[in-house]
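Dear colleague,

Please find the structure below. My notes on it follow.

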Amino acid sequence: MSRTYRLHQTLRYEYTAPIRDLRHRLIVVPPPVHGDQLRLQHRLAVVGAAVRTTTRADGFANHVTDVRADLVREAIEFDVRVEVERGLRSAPARLPLSALGDPRCLEPSPLTAPSPALLDTARELGRDDCPALELAGRLARWVRANMRYRFDATDVYTTAARALALGAGVCQDYAHVMLALCRAGGLPARYVSGHLVGEGGSHAWVEVLVEDGGGGGAVAVAFDPTHGRRAETGYLTVAVGRDYADVAPTSGTFESPGRGRLSSSKRLEVDDRADEPSLTAL
């Protein structure tokens, strides 16, 4: 029996004056396969301007859409519809054994460089040399216990060190703090961007890479430090990277004396009934 996730997300930019030479990057569609997650179908529609789009896979195999527009007079909207199937019992993404030595998952990234406080915490929490997954769970619970969820405390440029010093932030900051602790303690880990059933916006969590004892490779086991738990059912992975900057859902540049304002909406529905037909092609 499987579970079907249906995602409908809109991202709308409104501008105070016409803009030119829009170059935009969207990472909003999950990859074809991620662990037990299978992308069945997807559609990305753009309204408000004549655009040219190309798709590609980046270095982490994320699905990236590049958008170009010569002119946007007032607004541009991206409408994303995705259908994904997962098993009722989540299975981690499988990776080659060499992934455990990937410097992108072991070395600090611009947003996860450790402060002395993070280094001290990593040493203290890993002092008894416990198994990797036990340590990862310990780190996730520590982050949840030592951070407060606040929307107004940080922004997309806030580092893990700054978020920990503030003791506050959003899911992105929780993930960055856990990543900094993992990497400082020698645990290869990567940032995950996606969605959690029941939450209004996008969500972020962490995948810790460990050896697969039975398969001869490695697996990416997901932890959600915002909630202090494993990230299993109810989570929809869109992309993975070193930190938020690698997988920001929407980013880009344009030329204009005016400014832009972003608004967004999201609906994620889940269907556990295996006997119902899939959606028609989007």
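The buried residues of α3 pack against α2 (116–125), α5 (171–184), β12 (203–211) and β13 (218–224). This is a predicted model, in which local features need pLDDT of at least 70 and side-chain atom pairs count only at pLDDT 80 or more, while totals for chains, interfaces and linings use all residues. Residues are numbered from 1 along each chain as its sequence is written, and side-chain values use heavy atoms, with hydrogens and water left out.

Helices (H or I, at least four residues) and strands (E, at least two) are DSSP runs, numbered from the N terminus. Buried means under 20% relative accessible area, exposed over 50% and partly exposed in between (1.4 Å probe, protein chains only). In α3, the buried residues are Leu135, Ala136, Gly137, Arg138, Leu139, Ala140 and Val143.

A nonpolar core is a set of buried Ala, Val, Leu, Ile, Met, Phe, Trp, Tyr and Cys residues joined through side-chain atoms within 4.5 Å. The largest one has 40 residues, of which Leu139, Val177, Met178 and Val208 touch the most other members. Helix α5 gives the most to this core, namely nine residues. Another core, of 21 residues, lies apart from it and includes Tyr13, Leu22, Val29 and Phe78.

There is also an open sheet of five strands, antiparallel in its pairing, in the order β3-β4-β7-β1-β17; two strands pair if DSSP finds at least two bridges between them. Its edge strands, β3 (33–34) and β17 (260–271), each pair on one side only. Between β4 (residues 37–47) and β7 (residues 75–87) there are nine bridges, and arginine 39 has valine 84 in β7 as its bridge partner.

Yours sincerely

Methods:
Contact means heavy atoms within 4.5 Å.
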